Amino acid sequence: MMKKAIRAIGSAWGQRITLLVLICIVMAIAEPVFFKLDNYKSILLAIAVNGVMVCGMLFTVLVGGMDLSVGAMAGISASIAYRIAESSGFTTSGFLSGCALALALCLVAGAVSGLLVTRFALPAFVVTLAMKYIVYGSIYLVTQGFFVLPPAHGLSYQVGNQIVFSIPVGGGNKLNIPMPVIILIIVVAICAFVLVKTTYGRKLYAIGGNKNVANLVGIKSNANIVGAFMISGVLAGIAGIMLASMNGQAGQTTALNYEGNVLMAMVVGGVNLAGGEGGVAGAIFGALFVGIINNVMVLLSVEATIQTFVRGIVILAAMTLNMYARRGSTGAMKIKIAKADKAA
Amino acid sequence: MEDRTDKTYEGAGGAENGNQNDTVNTEANDGVFLEAKGIYKQFSGVTVLEDADFSVNCGEVHALMGENGAGKSTLIKIITGVYTKDAGELYVEGKSVEIHNRQDARNLGIQVIYQELSLIPALTVTENIFLGAETAKHGWMDKKAMRERVQSLIEHYGFDLDPDAVVDTMGMAKRQMAEILKALAFKAKLIIMDEPTSSLSAAESEKLFETIDGLRNRGAGILYISHRLDEVYRLSDRLTVMRDGKIVGVLKKGEIDPHTVTTMMIGRDVAGDEDKGATKRYEDHWLEVKNLSYSHMLKDVNFTAYGGEILGIGGLVGSGRTELIRCIYGAAKRSGGTIMLDGKPVSRSIRRNIRNGFGYVPEDRHAEGLVPLLNVEKNITIASYDKLSSASLVNRRKEIAWADKAIKDYDIRPPMRTLAAGSLSGGNQQKTILGRWLSRDLRLLLLDEPTVGVDVGVKMDLYRLLREFADNGAIVVMVSSDLAELVYLSDRVLVMRDGRFFEEFTRGNITQESLLLAASGVHTEEGMSL
């Protein structure tokens, strides 16, 4: 019984939940505000943007790549969408066409990254790091260095006194769930569906697990990898528009350097950065965990510099823990096999 | 099985104590070097070694055989200090010893040469041998002294090796020699070799055997682990067979014969080579290759293979065998020639070929065959999404049923769909890959070294599967370096040499000797020159 409990806690999900519970206990003692409903809402809003980016980057990580340009992609997407909306005088159609153009551009940029990674066999992190700077630099061309500020009326949808999203959605919903959270749930559902239920998802895992094998069973690895980068680009674009709407501004600092938090969520969520292993559930848990850590640090008024320090520690701790969980599970697996062999 | 010859060692293999050398203690040449008594080992409640008695003499080649999971590697790991035993005693040169770690083993003169060699490719032989133990003079590396030491070792053992050669530029056989030399440089008295020929060609293996013979004659003990029966007969003075964590028996040189050993290993009688009847040939299903060429590797290759036939492709590594079947499959883009299946041209696209009923089991299952992170189920279904999905949506129920059926049909053990494929034994990994293809309606199966690193029991299973599969009318083209396998399984063997077919053997005329000769460019009576 005891052993079983220890093994459960030692497993990947056991560890994650134990950690979360520990944090909650600490917060219950240190800062009761943590348990206020409003605080939950702000945690959820914070992870909504990150979560959408995490879902996107997950595709590139599963095929053994990585997308460091998600922050910049979000920035340019927000800037373009808002710039076009602005030039149309913030009409709904102007905003929507802005969004469409922004997302199309993210799609193309993702495809370019993917092609560079596959055709020229360049390492994904180098390609997407370069792409980050290129995209980030071109935000200036769109905004001339200014922020695009949408009017706080007309197009905006409010929760409490917070402007949450500037796509007009009508009178809100009964449960009063913020729009970004709804978008996150939809994105998560779609991504999980794609990864679990479709042949495309199966192929991504195969490619990330062993690209040679994938090619030899007739999977067009390169095309599928390009697809993964395109998905990452588009989802980053959506996240950017969400973020700008929440902040009420779009410009060069929108989502700047967000890829750090996204990667951190990935690592915490047990996604194998070498590819082929991990899922939406883990990645989103990671985003949640990172969101809560950030929230906790704000509530406890930890200094910004210390916050950065803590993030670094969290990444290392998560990787170490995952390594242990993996080793534990392969050990358990070996015993299982040995027993099954004995029985046979 | 009664002959547990604990005490009956017969002197030394070759006791010419003429040239004394400090690397091998020739004084103990006629004695037991290592003795293990009643070794017992458990892992989390599972007994993997039970009351194992075992000994190796100086100046003998002692083979250790057994199926995967029989306990060979556990025993080796206890001897070399990787694991510690739960009970039992170890004696080296008559003295009771405790081996707690690898260094202890090394200090006692026990060295292992692993399947994956441990040399650093960018360094020379000398630098590799003295890596971490460089001889220094006034704080500087004494390269001259080190080189001379290596040179004297090479001369002493009669190795064909250049101390200044960079490892990267050497073939596998020479690398292995360098590895052995490294062990000898550290005064190894017992050298343990784990599947040393698995990456060597027949000619290279022969060179290794000569080296081993030389070592034995100079008084070194060799513990030789291999799945290849022919090597073991060729080399060993004594043979210990293990099964299910126990020592089943020890055979002396004269007692070693294939039938006895196989029976001891798998615990039941296996069918001999004799029961091969004529097989039916399906003339309406054929693969025709005409004037096939592929860069400089293949030149003007022609052959036809028929349904119901297992066509063996022999020849040395690098003779173009692998390229040939990769070109047929579409994994290599042929530069000229035509390939036809049943009179229709074969595509250059793997995808289309798979749809047309092609399957390919590659040579290197770790690099190209298996996705180790994914479970057995996914590894089986990976090539069949065309049959398991509609409109890109996977039919989960069909997928599970498909995998379960393959696991059952091809006896993949343990029969657990959700197990990571990387954690299976080599033989079961190979069954998984074979299951991937055989579960489809295959018309042509291309195999490259299908049984490398697979233990005898599973090998027989694989042979049976392939035979059945061919008997049902499919074409099987199999590249192999395992001569016994080619003889046992093939209806016809084509031997390649320098990118061309050199000789053809038909059933009844296929012998290991003639295959080996043909591979080295000698025509024989049995074969038909091409």
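The model is a predicted one.

Chain A brings 31 residues to the contact, and chain B brings 39 residues. Between the two chains an area of about 2700 Å² is buried, and carbon and sulfur atoms account for 69% of that area. On the chain A side, 26% of the area buried against chain B comes from A:Arg202, A:Leu216 and A:Val217, which is more than any other three residues supply.

A:Arg202 also takes part in a salt bridge, its side chain meeting that of B:Glu399 at 2.5 Å, N to O. The count of salt bridges between chain A and chain B is 1. Polar contacts between the chains involve 9 residue pairs, both residues being at pLDDT 80 or more.

Which helices of chain A each supply at least two residues of the side that touches chain B? They are α7 (179-197), α8 (199-209), α9 (211-216) and α13 (304-343). The greatest share comes from α13(A), with 9 residues. By residue class, the side of chain A that touches chain B consists of 13 nonpolar, 10 polar and 8 charged residues.

Turning to the sheets of chain B, one is an open sheet of 4 strands in the order β14-β13-β16-β17, with antiparallel pairing. Its edges are β14 (298-307) and β17 (344-345) of chain B; each has a single partner strand, so one side of each has no neighbour in the sheet. Strand β13 (residues 282-294) and strand β16 (residues 336-341) of chain B run antiparallel and are joined by 5 bridges. Within this part of the sheet, B:Val289 has B:Ile339 in β16(B) as its bridge partner.

Another open sheet of chain B has 7 strands, in the order β18-β21-β22-β15-β23-β24-β25, and its pairing is mixed. Here the edge positions belong to β18 (358-361) and β25 (528-529) of chain B, and because each has a single partner strand, one side of each is left without a neighbour in the sheet. B:Val361 stands opposite B:Leu447 of β21(B). Strands of a sheet pair through backbone hydrogen bonds, in either a parallel or an antiparallel arrangement.

The remaining features are found in loops. The loop between α14 (396-409) and α15 (426-438) of chain B holds B:Pro414. The peptide bond that leads from B:Arg413 to B:Pro414 is cis, with omega near -10°. B:Asp411 is placed in the loop between α14 and α15 of chain B as well. Although B:Asp411 is not a glycine, its phi is positive, at about 55°.

B:Lys187 is located in the loop between α5 (172-185) and β9 (190-194) of chain B. Its relative accessibility is 42%, so B:Lys187 counts as partly exposed.

Conventions: Residues are numbered from 1 along each chain as its sequence is written. Chains are lettered from A and ligands numbered from 1 in the order in which they are written. This is a predicted model: local features need pLDDT of at least 70, side-chain atom pairs count only at pLDDT 80 or more; totals for chains, interfaces and linings use all residues. Side-chain values use heavy atoms; hydrogens and water are left out. Contact means heavy atoms within 4.5 Å. Buried area is the accessible area (1.4 Å probe) that two parts lose on being put together, summed over both. A salt bridge is a side-chain nitrogen of Lys or Arg within 4 Å of a carboxyl oxygen of Asp or Glu. A polar contact is a pair of N or O atoms within 3.5 Å; within protein, one must be able to donate a hydrogen and the other to accept it, and residues adjacent in sequence count only if both atoms are side-chain atoms. Ala, Val, Leu, Ile, Met, Phe, Trp, Tyr, Cys and Pro count as nonpolar, Asp, Glu, Lys and Arg as charged, and the others, Gly among them, as polar. Two strands pair if DSSP finds at least two bridges between them. Buried means under 20% relative accessible area, exposed over 50%, partly exposed in between (1.4 Å probe, protein chains only).
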